[in-house]
Every structure is written in C-alpha cells, then in structure tokens.
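Here is a walk through one structure, part by part. Look at the sequence and the model before reading on.

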Amino acid sequence: MLLEATGVAKTYGAVIALRDAALRVRPGEVHALMGANGAGKSTMVKILTGAINPTAGDIKLRGEHREIHSPAEARRSGIVSVFQEPALIPDLDISSNLRLTATPVEAFDERMAELGIPGVDKMAYARELPLATLRVIDLARALAADPDILLLDEMTAALPADLTDLVLKTVGDYRSTGRSVVFISHRLLEIQSLCDRATVLRDGVTVGVLDVGPGAGEEIVSLMLGPIDEGEASRASAQATASEETEEPASKTARGPRLTVQGISSGTKLKSVSFDLYAGEVLGMVGLEGQGQDELFDVLAGARKPDDGEMFVNGSKVKFGHPADAIAAGLVFVPANRAEALLPQRSVRENISLPFAARIRDWGPINIGREREKVDGAIDRLQIDTRAQAEVSRLSGGNQQKVTIARWIAKGVETMLCFDPTRGIDVRTKRQIYQLLRDLAAAGAAVILYTSELEEIQAACDRTLVIFGGEIVDEMPAHEADEPTLMRAAHGLIEDVPSAHGGGHA
Amino acid sequence: MTAPAMAAPSGGNDLARTVIRLARRNSWVIGLWILLGLLLIFTKSILPNFGATGINNLTLAALPFALATAGQAIAVLTGGIDLSIGSIMAVTGVIAAKLMDSAGDEFAVLVIAVALGAGLLMGAINGALIWFTRVPDIIVTLAMLFVWAGTALLILDRPGGEIADWVRSLIRGTVAIEWVPRALLFLIVAIAIIWIPLKRSQLGLSIYAVGSDRRAAIRSGVNVRRTKILAYALTGLFAALAGLVVAMNTGQGDPVPGQYLLATVAAVVLGGVSLAGGTGGLIGPIVAVFILRLVRADLTFLGIDNSFATVIEGAMLVGVVMLGAVVARRQGQS
C-alpha cells in the first residue's frame, strides 16, 4: 500500500466526527473517497493533510508509520492536496506563490499547458484571476511538486466543461507513474469514469471499499445511505400528511404562485434557477454542499443581488436591494445558524416581538398590551420549557430555532425561507419544527425548506426540488422522494437528464 | 477560458505593459511621492529660506518615526499590530544610554548590538505570546506596552545615561554635500540591509502570505508560528533602531516613551498598508511619515494654533484614507 490509514477517529468534545475510518490507497490508482454530508469525509481529508490531528488512528506511508502535524509536513511526506478554495495567496503574484511553495517553475509551466491554460500571466496577483484559473493553477502547482499522493477535494467544482475534461484526463494520467490520487467529488458520473476504487464513509466509519466499474454509482449510493429502517415511523406519518394534502394542489395552483423565481443566476455558483412556490405548501429543497443553495437563499432573502433573472411575489415583480426589502415583500429568512437571527442576550419575549418593533413608523414607545397578546400566543405554540423572560442564549439550539420561527408566526408571515433550520437539533424538537412549518402552511403561508437531511423531505414537505451544480435538476412530489431517489438526484444521477434540466415547473 | 488568464506575454508591448502595471500597482506610493514633492514646493513658497538645513532638520525629526513606522508596517503586514512599539523604543534607548555611560566609548558597538538584540528579543516575546496564547495581537501588545514601559523605568528611573559622541554623529550633519543628511543615509542603509533582502526571501513571502490569507498560507505549507514570531521580532528590531536614534539625538536615554505609537499607525495607514494585512510595503509608510512631519512643520510655520493643527492633521488622515478606499472600490468594480 502507498497510503494506509486505519482506525482513524476524531472527536470534538462530545461530538464524534470520525469513529473508525480506514483508507488504503494502492500505488498507481485513482481512489474515490465518498460519503454523504457529515459522514466525516472532510475530517478525514483534514487529518491526511495535517490540518488537524486525529484523536486515534495510524497512518502509514509506503509501510512506514507517519505522524502528520501540519500541511508543510504532509507536503514533505509526499501528500499534496488541492482544496475547494485555492491555497493561493491573493495579495501575492503567481510567481511569488510558486516560490512560497518552492515549486519548480518549468514543471509548473508544463502542467499548465497540459491543463489547457498555457502561458498564464505569472505577474498577475492571485486575486486578479478568475476562480477557475486559480483552481487549475493550484492543481498544476500540486502536480509540479510530484507528490506520491495527490489529494483532490471537489477539483472539478466551478470549472467549465472544457477544463473539467482536461483536468480529469491529467488526473487519470498521473496514476500511470505509480503515484496515486485520492479523489473527492459529488459527481458520481465522474467517479465512475475516472476512479479505480472507492472508499465509502458513513457516520464516521468506513462502510465499504469497492472496485469502481460501470454501475458502481448505485452501490455507492446505497452504501452512503446505509440500511434504511429507522426513518420508517416518520415516513408513515409523513405519508399520511402527504395524502391529506393531495386533494389541495389544484386549488393552490388556481390562485397562482406566491413566489415565482425565473432564471436567477449569480456568479459561477448559481445558473438560471426557476421554480414556483404556492401558498399553503411546504416546498422542500435538497442538494449536496456548495451546489448553489446558499447563493439562492441569499438572493431570495435580499442579501445578494442576482446577476440575472426575475422574481415575482403574488404576480408582481420585485427587486431586493436589502434584506429589509425582502421582509417588506413578506419573505422572511430562517437561517441554519440561529445566532444570525437572534439577540442572544435578550429575552425570548423581546426576540419574538422584535419584528413588530422593527418598522420605522413604530419607533417610540412599544405598545406593551398589543405586543404581549401576540407574543403570548406565539409562546404557547412554542412549547419552550422555560419562562419567556429567560435569555435566549440559555435555550438549547432547538428551542432557539423555534423562537426564530415562532416570531414570524406571531408577526403573521406570508413566505418563509428556511435554510437547514434543523441542523444539529434533537429529533423531538425537529418534529415540533416540522409541525410548526406544517401549521404555517395550513394557515396559508408558503414555506420553502432547504435541508441537508434527506428524511425531512417526506416528514415535512409536499414536494421537493433537487439542486445540483447551481441548477434545479429534478422535482418530485414528497411521497416519491425517498432517500435513495434523492441521493441519486443530488449526486447528478438522473435517468431522464435532458427533460430534468432547467425544470422546476410542475 | 476567460480573458485575464490568457494575458500571455507577447510582442514588444511587453515592457510597456510591465511598466504600466507596476505604475498602477504602486499608484498609491507614487501618489504619496507626488504629495511629498508638492508639500516641499509649498514649504519653499511659504518659507523662502527653506533649504539644506530645513531638509536636514526635517529628516532628523522624522528619523525615529520612520524607523518605528517601518517596524509597525511589518506587524501590520502579517495582519497584526504592535501597540508596544513606543515602550520597546524606550527600553532600548535607556539600555543604550545606561550601558554606554558605564562601559565607555570603546564598547559602544557592543552596546548597540545589545540594544538591538534586546529589541529583537522583546519583539519575539510579543510574537510568541500572540501565537501561544491565541489572544489577539492588539490585546497582547497592549498588555506588553505596560510590561515594557515598566521595564524601561526599572532600568533607568529618570532621563539619564549618555550616548557616545561618535555614535551621535552618525545621524548628525550631512554627507559629502550639504543636501544629503546623515539621518537620511542612516534610514536608507537600515531599510536596505534589513528589509530589501528579506522581502524577497521565504520569510518575507510568508509575512505577506499570513497577512493576506492565513488559511491559504497554512495550506501552502507556511509555518505561521515561525512567521509571526520572526515578524514581531523584526518589528522589535526596527523599534530598537528607532529608540536608539531618539537617544542618539538627545544624547541620553528617556524611560518614558514619546508619542510614537499612534503616529506609526497613522503613517502605516496613510502609507497604503491595509490594516487587514497582506498588502503594501515599507516605502509608502516611510514617505507618509515625511508627509505628516512636513504638514506639522508647515502648520507651525504658518502660525496656526497647535491645537487646530492637530485637528487638521486628523482630518487630512481620514480624508486621504477615505479617498483611497473610494479609489480601491472603483478599481475593484472595473
């Protein structure tokens, strides 16, 4: 074995990022490292590159035990990595960046030519170059160092198609020298065409090592998901909810959509996204990390101006220059990170009443009576096991998230944008949050719920969109959206690719 | 592929393009040189007998500020700041004056080496504390401001000691012709010996890398700990030079630091070094020191009330930096 990492574990306090992971890389192979969000992939990468130290485990390079404490040390041991964010210093020019890593310039030039960008301007500052060029420079620099193990993290993300082909070809050729590549990608099609073997992680454990051939994608997906039985109960209840809703869509659509998004694009991450969101529904959205969902929600919440595209609320065109514009149009945002939305040192009551007081014309003394009435109503629904006077920072994460949602209920919300609201929240509170969202929809609100946990789609949503590579690639009713289907779609494995592209309209 | 990546060097326009690019990249520093030139002309117009002596006095007054600012600029380039710079100057000044007084002139070179070594050490201690405690630079150096200030008073409780005459003469008078002050030569030599080789070295690149993007620096294999400690040590070295120069100028050591700290920060900012780190150099801040000293001198010549002159200085600083931000935003958009 060229690289042999066994029994690797990493814990942060009580949180277990890696339990018992193993990765064995043979000389002369391209080895895929796979896993769903939170499976421990990136922790494994950080350990191999020396960015963090493992709690336990053994790493051998060419049979020799090695401890890797820093990226510099990993480099000296022959492990060079290319990360999603280029490791180029923005304020230094390219030749200084090459000197910083002691990269042989000739080898770098050759690699750049091979990768399709010959004669790159080495006097340009890294910050002056487009992201795709920087990623290729980063790869060429890594290749020029001639490492035993080349570690590529989402190398093809944000690259145009022509460059992607050259990158894949170059990476494929690298193995013929007896050196190896560890390849991390969300794109299963790439994995299938490029890689020799794959290691699959789930919940911090290596659950499978397989030879990659045609059709291996299915096997990888099922390994990433694991045996499906735990979600059965919630699915049953969700099915019931879903069937209750089935009569309604006709009447919903008849009134026209609450929110229409047409051809929204932003930078390289978001390419022409279109969909409709109706009053009375919870619309799910799933995607792997970094597929453009962050940018999409920023646009919807008014925190980012799109490069292109239009948005309509209740049929009239809107343009948001500031989050306050979005709120004025009835779109409120619930972020994954509660701290972004709450005043942690203030009481639950004050936090819930904040949206009432936020309007300029309400400045001056707050109408205590009116406030109390509405807030009490909201607190009742919250089922927070603490008094409303408590500081928000003392509440658990789940209860904090309930406060962020409930305050918009108190205000009377039209459209709610939820971005992974249940991240890191216990199961019971999650259920309560789903119920809050369903109640909101039942009361006539439109809810869009992006989630990184696939089982939430059936538990809380009516239908779902799948975002991949900055586009909506699939749409389906919630009862069809079981985890394997979603996982395949989220990895870009869609049977009827042509019809799914640019879709989104039912 | 997009255009900027394909800007391959080709044909005879190469040189012209390089020159234009260098000019654009250094536009801020070029602007500062022009401003300094205009100020010199203005000074000559309000004070017709401003000449070699005037230049000499200006340089002598600016020298400790320039050296301290060079040190501050290095700390700021790494994304930090050194609030203890004035106190380090005081410590090295009193060390030099006290030792030279008791050891005699023949040991002056040794004493200077000891004083510079002390500055290097104090800076390294600052840097090491920042790294190992993970406390922000501004807090650590604020704390060390008091520690080093107390240290200076322990060494010498009131102004005293003596600096050898031949050492003092290093920065006094002129070289060859009356237009080249020794102080200017001293400054140029100090920068040329310490900074110019360093800037091209791995350490110099690392200083910029750490300040520009710490994570990318780590991933490029930069040893952040070593870089931080060495950068602060260099800051200490320049502070020591500045402290020595103050003592050389007055002939004795003063344990109470002068008003250097905020002046260095102002000059660093005016000199085009981003407080976020990673961009700029030492030349800009040093030119900025001369501009700030000259403005102060002109306001005095014009008989403007000293308090009002301070207001004008502050307003000018805000105005110039604001202008710089506007220009930078324009460039960023285009």
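Where chain B touches chain A, 22 residues of chain B are in contact with 24 residues of chain A; two residues are in contact if their C-beta atoms, placed from the backbone, lie within 7 Å. On the chain B side, helix 9 and helix 10 (214-219) each supply at least two residues. Helices (H or I, at least four residues) and strands (E, at least two) are DSSP runs, numbered from the N terminus. By class, that side of chain B has twelve nonpolar, seven polar and three charged residues. Ala, Val, Leu, Ile, Met, Phe, Trp, Tyr, Cys and Pro count as nonpolar, Asp, Glu, Lys and Arg as charged, and the others, Gly among them, as polar.

This is a predicted model, in which local features need pLDDT of at least 70 and side-chain atom pairs count only at pLDDT 80 or more, while totals for chains, interfaces and linings use all residues. Residues are numbered from 1 along each chain as its sequence is written, and chains are lettered from A and ligands numbered from 1 in the order in which they are written.

Within chain B, the axes of helix 9 (residues 202-212) and helix 11 (residues 224-250) come within 10 Å and cross at roughly 100°. The two helices of chain B are therefore roughly perpendicular, the term for angles of 65 to 115 degrees. Among the residues making this contact are B:Leu203 and B:Ile207 of helix 9 and B:Leu230 of helix 11.

Chain A has 19 helices and 20 strands.

How values were computed
Axes fitted to C-alpha atoms, helices over the stretch in contact; angles between N-to-C directions. Parallel < 35°, antiparallel > 145°, perpendicular 65-115°, else oblique.
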